[in-house]
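Here is a short walk through one structure, taken a few residues and elements at a time. Please keep the sequence and the model in view while reading.

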Amino acid sequence: MSDTVSFKLNHRPVQLQTDRNRLLLWVLRTDLGLTGPKYGCGEGHCGCCTVLLDKVAVRSCLIPVGSVQGREVVTIEGLEQDGELHPVQQAFIAHDALQCGFCIPGQVLHAVSLLNRNPSPTRKEIVRGMDNSLCRCGAHTRIIDAIQAAAAEMKGGK
Ligand code: FES
Ligand code: FES
């Protein structure tokens with residue numbers, strides 16, 4: 001069955017004819033060509049499909065596209081502004097906080113959501129806040145360093 005679903009995606013309005021029960025992850029990747037959100041576990045455990053929904057990190061592998069009707073979705077492709085990378089993206093680069101790259105779009109958006117909620121997190125709060133965004137290699141400490149640096153850059157850091 002085909003429904004009309006309209007929402008804001010990466011600062012632009014989009015309108016689709018699709019089954020509103022399809023998962024947002026596959027609509028983004030397959031219909032809209034945004035491959036930043038990745039398919040990892042498909043069950044809400046890993047975080048590599050993360051996008052921002054009204055500025056909050058959500059798992060696009062669990063969300064039906066119909067539930068974003070009228071709302072704002074940002075993927076990693078839409079995080080930069082006026083050609084400038086977001087401070088979290090810049091900090092990940094500066095701290096070499098990426099190894100595989102597969103989990104990084106989700107890690108970055110998760111970190112942005114964390115800093116939206118808590119602009120001056122302690123290291124412990126970052127560890128706790130990023131706990132369910134999985135990195136399977138050795139980048140954990142650099143990811144935490146990067147988020148601390150981004151918080152400071154965004155004038156909230158401790
Ligand atoms: S693919 Fe969505 S949480 Fe793992
Ligand atoms: S950087 Fe992706 S799993 Fe560690």
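A salt bridge is a side-chain nitrogen of Lys or Arg within 4 Å of a carboxyl oxygen of Asp or Glu. Side chains of opposite charge can pair when their charged atoms come close. The model shown here is a predicted one, and it holds three salt bridges.

One of them joins the side chains of D145 and R123, with 2.9 Å from N to O. D145 belongs to helix α5 and R123 to helix α4 (residues 123-129), so this pair ties together parts that lie 22 residues apart in sequence. D145 is partly exposed, because its relative accessible area is 28% and the partly exposed class lies between under 20% for buried and over 50% for exposed. R123 has a relative accessible area of 33% and is likewise partly exposed.

Another salt bridge links D54 with R71, and here the closest N and O atoms are 2.9 Å apart. Both residues sit in loops: D54 in the one between β3 (50-53) and β4 (56-59), R71 in the one between β4 and β5 (72-74), so the pair ties together parts 17 residues apart in sequence. D54 counts as partly exposed at 37% relative accessibility, and R71 counts as partly exposed at 34%.

There is also a salt bridge between D31 and R22, whose closest N and O atoms are 2.8 Å apart. D31 is partly exposed, with a relative accessible area of 36%. R22 is partly exposed too, at 26%.

T18, in strand β2 (residues 12-18), is counted as buried because its relative accessibility is 5%, and buried means under 20%. Leaving out residues up to four places away in sequence, T18 touches D31, along with M1, S2, D3, V5 and V65. V27 is found in helix α1 (residues 24-31) and is buried at 0% relative accessibility. With residues up to four places away again left out, V27 touches R22, as well as L16, L32 and V65. As for distance along the chain, V27 and L134 are 107 residues apart in sequence, and their C-alpha atoms are 23 Å apart in space.

A further buried residue is S113, which has a relative accessible area of 5%. S113 is placed in helix α3 (residues 104-117). Apart from neighbours within four places in sequence, S113 is in contact with L52, K55, V56 and A57.

The last stop returns to helix α5. How do α2 and α5 pack, and at what angle? Helix α2 (residues 87-94) and helix α5 (residues 140-153) pack at about 135 degrees, with their axes 8 Å apart. That angle makes α2 oblique to α5, and α2 passes α5 in a right-handed crossing. On the α2 side the contact is made by P87, V88, A91 and F92, and on the α5 side by I143, A146, I147, A149, A150 and E153. These contact residues divide into nine nonpolar, no polar and one charged.

Methods: Residues are numbered from 1 along each chain as its sequence is written. Chains are lettered from A and ligands numbered from 1 in the order in which they are written. This is a predicted model: local features need pLDDT of at least 70, side-chain atom pairs count only at pLDDT 80 or more; totals for chains, interfaces and linings use all residues. Side-chain values use heavy atoms; hydrogens and water are left out. Axes are lines fitted to C-alpha atoms, for helices over the stretch in contact, and angles run from 0 to 180 degrees between N-to-C directions. Helices (H or I, at least four residues) and strands (E, at least two) are DSSP runs, numbered from the N terminus. Angles under 35 degrees count as roughly parallel, over 145 as roughly antiparallel, 65 to 115 as roughly perpendicular and the rest as oblique. A crossing is left-handed if the near helix is turned anticlockwise from the far one by less than a right angle, and right-handed if clockwise. Contact means heavy atoms within 4.5 Å. Ala, Val, Leu, Ile, Met, Phe, Trp, Tyr, Cys and Pro count as nonpolar, Asp, Glu, Lys and Arg as charged, and the others, Gly among them, as polar. Buried means under 20% relative accessible area, exposed over 50%, partly exposed in between (1.4 Å probe, protein chains only).
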